[in-house]
Amino acid sequence: MAKMWYVGDGGLVMTGTHRFGGYAFIKSSNESHRPDYLIDLFRRIGFDPRFDSYNSNIVFGSDDTYDLLEWMGESPDGFEYKWATENYNTYRDLKGKVNSDVRDRG
């Protein structure tokens, strides 16, 4: 369930200036009135995210991001870029390929 939540409503904050890789977030607008509950869902399994109330995001630090993605397992096809935390160029290229594939199908 967490993997599909991340795939559908999450992503990486990843730019060329991130020296230590990107970090994951999961959007939670419809549940933003209960951030403690959301955070506790992940704390129960060993993660320590924070809640960004401005964006209604559950935000994971870079170490937690790596562990979270490993815990969730392989990415579904077409979402590999959301697992590409180590290198901005790899992230950018994978995301660009998805966007290109979508445009080609449209």
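**Salt bridges, pocket and nonpolar core**

R92 is partly exposed, with a relative accessible area of 40%. Here buried means under 20% relative accessible area, exposed over 50% and partly exposed in between (1.4 Å probe, protein chains only). The model is predicted: local features need pLDDT of at least 70, side-chain atom pairs count only at pLDDT 80 or more, and totals for chains, interfaces and linings use all residues. Residues are numbered from 1 along each chain as its sequence is written, and side-chain values use heavy atoms, with hydrogens and water left out.

R92 forms a salt bridge with D93. The closest N and O atoms of this pair are 3.3 Å apart. The term denotes a side-chain nitrogen of Lys or Arg within 4 Å of a carboxyl oxygen of Asp or Glu. D93 is partly exposed, at 47% relative accessibility. Across the whole structure, the search finds four salt bridges. Another of them joins R44 to D40, at 3.1 Å between the closest N and O atoms. R44 is exposed, at 56%, and D40 is partly exposed, at 35%. D48 and R43 also pair, at 2.9 Å from N to O. D48 is exposed, with 53% relative accessibility, whereas R43 is partly exposed, with 46%.

The largest pocket holds about 280 Å³ of space. A pocket is, on a 1 Å grid over the protein atoms alone, an open set of points where a 1.4 Å probe fits, with protein on both sides within 12 Å along at least five of seven lines; lining residues have an atom within 4 Å of a point. Its volume is the space filled by probe spheres set on the points, which are joined across faces, edges and corners. The lining comprises 15 residues, and M1, W5, L38, L41 and F42 lie nearest the centre. Two elements, α1 (2-9) and α2 (35-43), each give two or more residues to this lining. Helices (H or I, at least four residues) and strands (E, at least two) are DSSP runs, numbered from the N terminus. The largest share, four residues, comes from α2.

The largest nonpolar core has 21 residues. Such a core is a set of buried Ala, Val, Leu, Ile, Met, Phe, Trp, Tyr and Cys residues joined through side-chain atoms within 4.5 Å. Y6, F42, I58, F60, L68 and M72 touch the most other members. The elements giving two or more residues are α1, β2 (23-27), α2 and α3 (62-72). F42 touches W5, I26, F47, P49, I58, F60 and L68 (heavy atoms within 4.5 Å), not counting residues up to four places away in sequence.
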